[in-house]
Amino acid sequence: MAGLGIRLSAGDKLIVNGAAIEFETDAHLRLANQVNFLFGKQIMGPQEATTPARRIYFALQTVHVGTLEEREAALRDACYFIDMFAAETTSHIARNLLAQTKQAAETGHGYQALRLARRIIRHEDAVLSV
């Protein structure tokens with residue numbers, strides 16, 4: 001059977017198209033259809049969205065794996081957070097990443113937007129630790 005195989009340990013979390021799943025035992029599963037999902041360390045809890053970059057990631061996470069009802073509002077939130085960050089930063093690197101992230105989100109490339117948002121978080125962490 002074709003698809004994507006994922007191995008998860010007891011306690012791991014998986015979000016598939018808005019459904020949060022926590023594994024009580026080790027599991028190996030195969031996603032045979034096209035679905036939006038995140039698992040493990042890719043999932044950010046709301047209590048972790050404590051910086052501008054992390055708020056962007058959290059909103060994009062909902063755009064990517066939220067329910068249909070949640071996605072539209074989350075995209076508006078993500079674009080707002082991106083625009084605010086871009087207006088406040090002096091970093092050309094950050095502005096470029098933010099523009100790419102917004103474009104990916106607005107064109108339905110949710111996972112790509114999240115990957116770019118993780119780069120923004122790393123950039124923010126590097127700047128803030130100076």
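Four bridges link strand β2 (residues 13–16) to strand β3, and the two run antiparallel. In this pairing, Ile 15 lies opposite Ala 20 of β3. The model described here is predicted.

The β2–β3 pair belongs to an open sheet of three strands, ordered β3-β2-β5. The pairing in this sheet is antiparallel. Strands β3 (19–22) and β5 (37–39) stand at the edges. Each has a single partner strand, so one side of each is left without a neighbour in the sheet. From one strand to the next, the twist averages 15°. Helix α1 (residues 52–65) packs on the sheet. Helix α1 touches β2 and β5, and its direction makes about 130° with that of β5.

The chain as a whole contains four helices and five strands. Along the sequence, these elements follow the pattern β-β-β-β-β-α-α-α-α.

Overall dimensions were then considered. A compact globule of 130 residues would have a radius of gyration near 14 Å. The chain has 16 Å, which agrees. Taken along the principal axes, the C-alpha atoms fill a box of roughly 50 × 30 × 25 Å.

Of the 130 residues in the chain, 38% are buried; here, buried means under 20% relative accessible area. The chain exposes about 8000 Å², and carbon and sulfur atoms supply 53% of that area. Among contacts between residues at least 6 apart in sequence, 46% join residues at least 24 apart.

Methods
Residues are numbered from 1 along each chain as its sequence is written. This is a predicted model: local features need pLDDT of at least 70, side-chain atom pairs count only at pLDDT 80 or more; totals for chains, interfaces and linings use all residues. Side-chain values use heavy atoms; hydrogens and water are left out. Two strands pair if DSSP finds at least two bridges between them. Axes are lines fitted to C-alpha atoms, for helices over the stretch in contact, and angles run from 0 to 180 degrees between N-to-C directions. Contact means heavy atoms within 4.5 Å. The radius of gyration is taken over C-alpha atoms; the globule rule is 2.2 Å times the number of residues to the power 0.38. Buried means under 20% relative accessible area, exposed over 50%, partly exposed in between (1.4 Å probe, protein chains only). Accessible areas come from the Shrake-Rupley method with a 1.4 Å probe; for residues, only the protein chains shown count as cover.
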